[in-house]
Structures are given as C-alpha cells and as structure tokens.
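User: I'd like to talk through this model with you. Could we start with the overall picture and then zoom in on one helix pair?

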Amino acid sequence: MATVNGKDLNEQPAVPPSSLIRRVSSRSIRNSISEDKENGVDNVVVKGSFVSKYKKAPEALKNFHLNDAESELEVPGTPMTPRTSTTPGHENCTFHHDLELDHRPPTREALLPDMASSYKLLLTGLGEDPERQGLLKTPERAAKAMLFFTKGYDQSLEEVLNNAIFDEDTDEMVVVKDIEMFSMCEHHLVPFYGKVSIGYLPQGKILGLSKLARIVEIFSRRLQVQERLTKQIAIAVTQAVRPAGVAVVIEGVHMCMVMRGVQKINSKTVTSTMLGVFRDDPKTREEFLNLVHSK
C-alpha cells in the first residue's frame, strides 16, 4: 500500500475535488424540489442545504430565480483556475489543487520573475534589445502592471463586501451610475474602459454604496469581454443582497477597435443585463434607464 507522509494514497478524500462539484443553477434547484415532491418528502429537507434555504426564501425571490433560466448562483465566466480548495483545512488557500495538501501558495510577487522573462522574450521577438537602457527594467515593470490589471482574480465577493450588508425597510430603487471601469480585452490583451451603472430593488437588505464600485473592480480587473462582465456584476449584486431585481448597463470604448483593426475612434459599445423585476416590468426598466441617461 502506497503512502506519503504516513497517508494512504488509496484513501478517498472526504471532500471531492472542486472540479467534480456540480454548479448550482436555477434549473438544478427546480429538479431538486421536483424530486422531493415525487418522493413524498416535500416538507423534509436537509438542514443547512441550499434547497432548504431556498424553500424558506420570500415568494418574490423564488419567482425571480425560477423565471430567470439563465441565472446561475455561481458567477459564470472568467477562467476556472484552481485558486480555492474544498479540502478541510485548506479552504482559504489560493493557487491550489485539492490534492496538493503540502504546499506554500505563491505570493503575487513570486510570479514576477517568470512573467518578466516572458516579456523579455517578447521584446527580443519584436527585434528590440532588452538590454538597452530604455528597456532594461521594462519586463519587470510590464509584469507588475499586468498583475495589477488582473488583480481581480485574487479577490472574492465575500472579501470585498466585508459584511457591509444592512437591514433596511425599503423597496425603492437604488441606482449608482457612471462608475469608472478599466479592463483588459481577453482577445487582444489591450484595454477597454468606460462607465458602469447599477440599479437594484431591495427586499429588506441594502448594500454599502461603495461596495457596488468594488464589485465592478473585482470583475473588470480580469481578462474580459464586456458582455460577460455586465452579467457577472448583475449576478454578484444578486448574490449579495437578494433583491427583487438588478439592472446593469455598461458603456465601453475598446482599444482593439480604436488603435487596431477597423480603427473607429468614436465607436462605443453598450451592454445591459436585466434580472428579476427589471426584465419583467417595462415601467421599472424604463425608470432605471431614464435615471441612468439623465444628466
């Protein structure tokens, strides 16, 4: 029997690797509830399970997620890199595969040498001399800049919210508009930038206003496409406060269209995601759009 550090390699882990854990979607919620009803255990649920929490949710919130077939409770998009672990004792580890239990997760600074070497190779490939004075420290600077541009990979929604969710008896629309956004096009690795406007209808809970801007930072500071970024922000707000609806509009300028390719310097791209009441009620959607476009 093979062992490492006294551990049986043939022993099954208590928790399956994260790659085997099923993504929870509104469709799987419906299936779980349907199975319970068919088995005659409609009122019996596992304590602490997601389905049990869902059954206790307000009726309006149930309809919100059941009617929105595309809504997934796990934020979609961006590479599914192994930056977290479900293995007990390693829940907070980053840059981590579940079966690599003995390790020291590298810091962001530890990535710099390899990234700088890659940039140096790129400069050489362009026909430049990376040893000349003007380029001597360029690979390291570029590596540091790229780490900053993609710092969102190392941030989570829970960390950014920092419990800034408050009980408040209000159901009126909350809108924060013209939030500056900078991101990197994943197709060409050139920037795109613009403004984000977010609105939501609270159901007894509100979010600290600055946290909406921080949610934008989490997902914009990654390799992105604007369409996915828009939806990620909307779903993150939904996860945070479970509102009756969320609306997000982004207006962006893409340098991959401005400084290369078709070179249309005045073009702008507008994307929107409407969830819940904002999708179902035209008057609510119109009110949000009027607030966004007002001076």
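This is a predicted model: local features need pLDDT of at least 70, side-chain atom pairs count only at pLDDT 80 or more; totals for chains, interfaces and linings use all residues.

User: What share of the residues in the chain is buried?

Analyst: The chain is built with 11 helices and 9 strands. Its accessible surface comes to about 18000 Å², with 54% of that belonging to carbon and sulfur atoms. Out of 295 residues, the buried share is 37%.

User: How are H7 and H8 oriented to each other, roughly parallel or oblique?

Analyst: H7 covers residues 209-220 and H8 covers residues 226-241. They pack at an angle of about 135 degrees, their axes 10 Å apart. Angles over 145 degrees would count as roughly antiparallel and 65 to 115 as roughly perpendicular, so the pair is oblique.

User: How many residues of the contact of H7 with H8 are nonpolar, polar and charged?

Analyst: On the H7 side, the contact uses Leu212, Ile215, Val216, Phe219 and Ser220. H8 brings in Leu229, Gln232, Ile233, Ala236 and Val237. Sorted by type, that gives 8 nonpolar, 2 polar and no charged.

User: Is Ile215 buried or exposed?

Analyst: Ile215 sits in helix H7. Setting aside neighbours within four places in sequence, its contacts include Leu157, Val160, Leu161 and Leu207, along with Ile233. With a relative accessible area of 0%, Ile215 is buried.

User: And how far apart in space are Ile215 and Ile233, C-alpha to C-alpha?

Analyst: The two residues are in contact. In sequence, Ile215 and Ile233 are 18 residues apart. Their C-alpha to C-alpha distance is 6.6 Å.

Notes. Residues are numbered from 1 along each chain as its sequence is written. Side-chain values use heavy atoms; hydrogens and water are left out. Axes are lines fitted to C-alpha atoms, for helices over the stretch in contact, and angles run from 0 to 180 degrees between N-to-C directions. Helices (H or I, at least four residues) and strands (E, at least two) are DSSP runs, numbered from the N terminus. Angles under 35 degrees count as roughly parallel, over 145 as roughly antiparallel, 65 to 115 as roughly perpendicular and the rest as oblique. Contact means heavy atoms within 4.5 Å. Ala, Val, Leu, Ile, Met, Phe, Trp, Tyr, Cys and Pro count as nonpolar, Asp, Glu, Lys and Arg as charged, and the others, Gly among them, as polar. Buried means under 20% relative accessible area, exposed over 50%, partly exposed in between (1.4 Å probe, protein chains only). Accessible areas come from the Shrake-Rupley method with a 1.4 Å probe; for residues, only the protein chains shown count as cover.
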